[in-house]
Amino acid sequence: GAQVAQKLALVVAGAVRNDMSDNEVEKFEITDYDLENEFKTSRPGRRQTKEQQIYGIWAQESGDEEEGEPESLNVPLPRARVLRGGLNFVSGGIQQSGKKDDKDKKEGSDEDSESELAPRPMFGAGADSSDEEITAKTQLPSSFVSKKSSDYSSYTSSTSKPRDIAGIRRSGTQGGGKPGLLGSGMADWEKYTSGIGSKLLKKMGFEEGKGLGKNLQGISTPVEASKRKGKGAIGYYGSERTEKSLKDFPVHDSDEEEKEKFKDLLQQWKKTGSKKKIKYVYKSAEEVIQEGKTKKLKPTDDSHITRTKVIDMTGPETRVLSSYHAIAGQKNFVDEYEEDKKKKYEHFDLPELLHNLQMLLENCEDDIVRNARTLERENDRIVHLNHEREKYESLVDREKKELDSLDQALALVEGLETRHKEQTLNLSDATAIFTELKSDYLKIYNTFEIPYLAPTYVTPLLKELLSTWNPLAQPTAHKEVFATWQQLVDLGGNQHQQPDTTVPLDPYHHLVWETWTAAVRSTVMGPWEPRDCGPLLAVLEAWNYPLVPVWIQGHLLQHVILPRITRAVHNWNPLQDTVPIHTWLHPWLPLLVDHLQSVYPVIRQKLSAALVHWHPNDRSAKMVLQPWKRVFSEIAMTTLIQSNIQPKLESALVEMPINPHNQNLDPWHWFLDWDDLLPPQVSLDMLERCFFPRWYQALATWLSANPPHPDVIAWYKGWRDLIPKSVANHLQIRQKFQQALEVCSRALSYQPGASDQFSLLLAGLDKLSEPPPPPPLGSPPRQRSKDWADIISSARRETLSMREVVERRCLEHGTVFVPIPDRKHEGRPVYRCGKLNISFNKNIIYVQTERGWMPKSLTTLLDDA
């Protein structure tokens, strides 16, 4: 690229020279001379040195001592003379300084060495270097030369002095005669100033010979400028550091070795300026292979891709390439060969031979790299093929073993099928075959779902085994057989699965459904009697989960046992059956739970029918109703009591005579027997309506006869102790007895000591229990007195549902409130409230009327009910 640019510059310069030789008139164009002197740094009338031409404003102001050319020779020639003399050209190229042969240059002058070392302009005012410079040298006066020579010697002597830190002068005067640390070539600018830089540094504590900074960590030697060799870029000729910089900032040996190696290798490719012997590098095949791991090889085939012409327009100039593969490199061999033919060679240079050798060398390296890659690829392929062979051999062995196992398992299944068709298969043989299949061929057993074959072969065998089984007499028989088959064919199916679903049943579930369930169903539907529930309960307890699936037990209970129990309840007559119903119905409560809710209304109906002719003196009624207290709901039990027991007890209390002299307490004891079954509100209501009015009347009649107060007090205490315990401390009861004591105290106050006795009784009655707390502020006055439990229930009404509120209010008023079985309104249950049918939707009460279901308020509902 440099040679092409040089030749192009020569062609352009030749065209300009010919043009100027034809027209020897001065043209007002911008020439190279004008461009070079655009930023002229030298004084007027003084010609630039070659160092100034190269470095411009960075050149040293003193003469070029290394070149040895006096400054007097740099006097610029007149422009007209330059134009009349024409342009002369010199050959370009990179001239290396510092490596000239001493033997060839001993007789040469300093000017000759300078002309060889310094680069010359290719055309322009500086091009006539030979004739013009020699003429200028001969015409200069000798005094001028000697003067500059003396300046040159003084400069040389000054540069030999030791240098100091830049900007600091030593004591003494130099140049302008100002004191400072002015060394040779250092801080020369202070001769034009007052030395302010040195003064400021001294004021800040600077000492000569020491570094800058607070801790003197700065360098003590200035940064020196060194002349770059030749015309190359920075770093092109190696390191540019000086000896002092290397001393102050040493580098590692490895870096220096790499730079020297790079410099030696670089010198081998220079065509001129170096007489150093070329070093040849010999590479082994391993080194070529190692270096060619990332190398892009050229194609070896003659496909259409290699013969495709490519025009590369990605660079500053359009290039025509011979193929796509030439894009990777800057130039291919053909382009280099075409350029080499245009060059001029001397002596015995053979570019064709060098080109051919280079091509052979690169082709040989490519072949080595290509063969190495092919060898590596084939080795990898061999390893891969060996791995594949081992994998497929192991696969073949495994498949062969699986085939052998499959053949053996198939033989067992075929033997099972053959014996099943011949009807020679028994349960023990089937168990042995399935056990062998599961233990020896587990993978095949699970993969091909062999457990699903069990219902086909084993179901007839199990049915034959259970044909003579009586579950009620032998509840635990044959459990071991089913436990064994559960381990063999149970796949852990859904415990709530039904037999009519599209999903196939679990094999074990199928076996149990077809055999055990059928046997138990036939027993329940046949000889089993619901009043004898013990044996059947023992069967269900022995065959519980997991031996029998949950859904099969539920099916038996709901669809087989519950209908038999319902039929038995309908046939039950409490007046004739000597066995109470709760003795054979309550044991089913843990199993049937809520499924017996449909039976309870029938039982209550039959009990109500049986209590129509019941008399309170018959205590067998309580024995029948007592077990149902926890079974029936509180409302249902209360309704049953209010409908059948309460009227009979009220009649007994009303008919009971109250006589202080001859009292019959049998009716009262009948009433006390039902205290644990009667709700407290019902007992209070009965006492308030049936007992206390008649008791007050008998007390008033007795007080009118002026009885002794000890007898009255004894009669009072006797009745006070006979009050049922559930309501003895109730507020209403205390008020009733308090009123009686006040009447007795007023009636018998004339008797000595009577007032004190009644006062003590009143005080003891008040201390019996604490009165309820006063109502909160702002609450409306109470219409009637209530006990503490009523106040608490009233305070909690906001947290109760509307159904619970209605239930409690109906209980307080003695109104029937029971659910109606199998009756729904919009999916919600219907209740009997007195003589009305009601339903609840959230907090709204709906009542069934002639116009349909209408919403009603709680007050209206209670009044209508």
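Predicted model: local features only at pLDDT ≥ 70, side-chain atom pairs only at ≥ 80, totals over all residues.

**Exercise 1. Is Cys-833 buried, partly exposed or exposed?**

Residues are numbered from 1 along each chain as its sequence is written, and side-chain values use heavy atoms, with hydrogens and water left out.

Step 1. Recall the classes: buried means under 20% relative accessible area, exposed over 50%, and partly exposed in between (1.4 Å probe, protein chains only).

Step 2. Cys-833 has 0% relative accessibility, so it counts as buried.

Step 3. Compare another cysteine: Cys-364 has 41% and therefore counts as partly exposed.

**Exercise 2. Find how many disulfides the model has.**

Step 1. Apply the rule that a disulfide is a pair of cysteine sulfur atoms within 2.5 Å. The count comes to zero.

Step 2. Check Cys-833: its nearest cysteine sulfur belongs to Cys-810 and is 3.4 Å away, and Cys-833 is in no disulfide.

**Exercise 3. Work out the strand order of the open sheet.**

Step 1. Strands (E, at least two residues) and helices (H or I, at least four) are DSSP runs, numbered from the N terminus. Two strands pair if DSSP finds at least two bridges between them.

Step 2. Five strands give the order E3-E4-E5-E6-E7, with antiparallel pairing. The edges are E3 (817-825) and E7 (852-856), each pairing on one side only.

Step 3. Now walk through some pairs. E4 (residues 828-833) and E5 share three bridges, and Arg-832 stands opposite Asn-837 in E5. Four bridges join E5 to E6, where Ile-838 faces Val-847. E6 (residues 844-849) and E7 are joined by five bridges, and Ile-845 stands opposite Lys-856.

Step 4. Look at the turns. The hairpin of E4 and E5 has two residues between the strands, and Gly-834 takes a positive phi near 70°. The hairpin of E5 and E6 also has two residues between its strands, with Lys-842 at a positive phi of about 60°.

Step 5. Five of the six residues of E5 (residues 836-841) are buried, so this strand is largely enclosed by the rest of the structure.

**Exercise 4. State which residues of H30 and H31 meet.**

Step 1. Leu-687, Glu-688, Arg-689 and Cys-690 in H30 meet Phe-692, Pro-693 and Arg-694 in H31.

Note on methods
Contact = heavy atoms within 4.5 Å.
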